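Here is a short report on a protein chain.

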Amino acid sequence: MKGHLFLPANFDASQKYPAAVVTGSWTSVKEQMPDEYASVMAKDGFITLTFDFTGFGESEGQPRQVEDYKLKIEDIKAAVTFLTNHKNVDTNEISGLGVCASSGYMAHATAQDERIKKLVLVAPWLHNPEIARSIYDMRPGGTDGLLQAAKEAKKRYAETGEMEYVLAASELDPLSAMYVPHGAFDYYLSPAKAAGKVYDNRFAVSSWEPWLTFDGISAGKEISQPVFIVHSESGAVPQGAKDFYGHLKGEKDIVWLNDYNQQQLYFEEEAVNAAMNEVVNYLK
């Protein structure tokens with residue numbers, strides 16, 4: 001896996017610093033919202049690490065662009081291992097910061113890995129199979145059709161080595177992974193925002209099975225570490241965040257930044273700074 005390591009301003013190689021692994025939305029690469037948040041966090045005295053998940057961006061792995069929660073959870077734990085081996089990281093102050101869809105992956109990694117001392121989620125997309133069905137039954141073929149397509153794509157890949165892809169985001173193609181017209185996913189389509197040269201706007205069709213059957217909400221039952229959430233009522237699946245929050249038995253807090261929507265919390269300076277002010281104040 002390839003990653004970016006951000007060091008605090010006035011970095012002193014003789015000191016130890018709090019640290020965080022920072023991950024972004026599904027289909028994203030490190031140069032998008034992960035680097036956005038990690039760079040801001042580093043200015044406030046944290047060592048932060050972003051990376052491309054297996055099969056995405058500059059990281060190795062075949063097939064490409066597969067949204068597989070099992071792989072992504074293991075990748076997060078590998079990133080934690082990298083930080084624990086860094087001589088300037090205070091291993092008692094390692095946090096996991098998940099933005100959007102990786103929040104569920106980060107939550108499960110936290111439940112499984114006590115080296116993650118605090119969990120922070122920003123604009124979290126948190127779903128379970130029931131919520132996923134309520135969303136994707138509106139798609140062509142519905143949830144069952146997408147699951148069948150994933151099964152067939154996985155079988156074809158095993159037989160031929162060729163993966164079937166659809167667009168990750170589109171305002172025109174109803175078969176794309178993120179299809180909402182009228183600029184709803186402009187973040188992924190505008191070169192000025194996140195659709196630069198490093199973003200591969202593809203989605204492996206086999207990804208529908210792990211995505212639609214994933215349960216990021218239930219991880220809340222297994223987490224003992226402190227959890228802090230920043231979200232918006234106009235963000236992605238706010239009810240999922242509330243359900244997850246309700247499962248948490250330990251120290252927890254949630255802040256609602258309702259002046260911003262999901263995509264604003266990905267990249268707009270004012271929204272990112274507002275979220276990071278809450279996060280940094282909490283962690284410090």
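## Helix packing

Helix α4 (residues 129-136) packs against α5 at an angle of about 105°, and their axes are 7 Å apart. Axes are lines fitted to C-alpha atoms, for helices over the stretch in contact, and angles run from 0 to 180 degrees between N-to-C directions. α4 and α5 are therefore roughly perpendicular to each other (65 to 115 degrees; under 35 counts as roughly parallel, over 145 as roughly antiparallel, the rest as oblique).

On the α4 side, A132, R133 and Y136 make the contact (heavy atoms within 4.5 Å); on the α5 side, G142, T143, D144, L146 and L147 do. By class, this contact of α4 with α5 has four nonpolar, two polar and two charged residues. Ala, Val, Leu, Ile, Met, Phe, Trp, Tyr, Cys and Pro count as nonpolar, Asp, Glu, Lys and Arg as charged, and the others, Gly among them, as polar.

## Model and overall build

This is a predicted model: local features need pLDDT of at least 70, side-chain atom pairs count only at pLDDT 80 or more, and totals for chains, interfaces and linings use all residues. Residues are numbered from 1 along each chain as its sequence is written, and side-chain values use heavy atoms, with hydrogens and water left out.

The protein chain has 10 helices and 11 strands. These are DSSP runs, numbered from the N terminus: helices are H or I of at least four residues, strands are E of at least two. The C-alpha atoms fill a box of roughly 55 × 40 × 35 Å along the principal axes.

## Second largest pocket

The second largest pocket has a volume of about 390 Å³. A pocket is an open set of points on a 1 Å grid over the protein atoms alone, with protein on both sides within 12 Å along at least five of seven lines; a cavity is a set where a 1.4 Å probe fits but cannot get out; lining residues have an atom within 4 Å of a point. Points are joined across faces, edges and corners, and a volume is the space filled by probe spheres set on them.

This pocket is lined by 22 residues, and V66, D68, K154, S206 and P210 are the closest to its centre. α2 (69-84), α5 (142-160) and α7 (208-213) each supply at least two lining residues. The largest share, six residues, comes from α5. The lining divides into 10 nonpolar, seven polar and five charged residues.

## Largest cavity

The largest cavity holds about 50 Å³ of space. Its lining includes V22, K30, F51 and D52. By class, the lining has five nonpolar, three polar and two charged residues.

## Backbone geometry

Q62 and P63 are joined by a cis peptide bond, with omega about -5°. P63 lies in the loop between β3 (47-51) and α2.

C100 has a positive phi, near 55°. C100 sits in the loop between β4 (89-99) and α3 (102-112).
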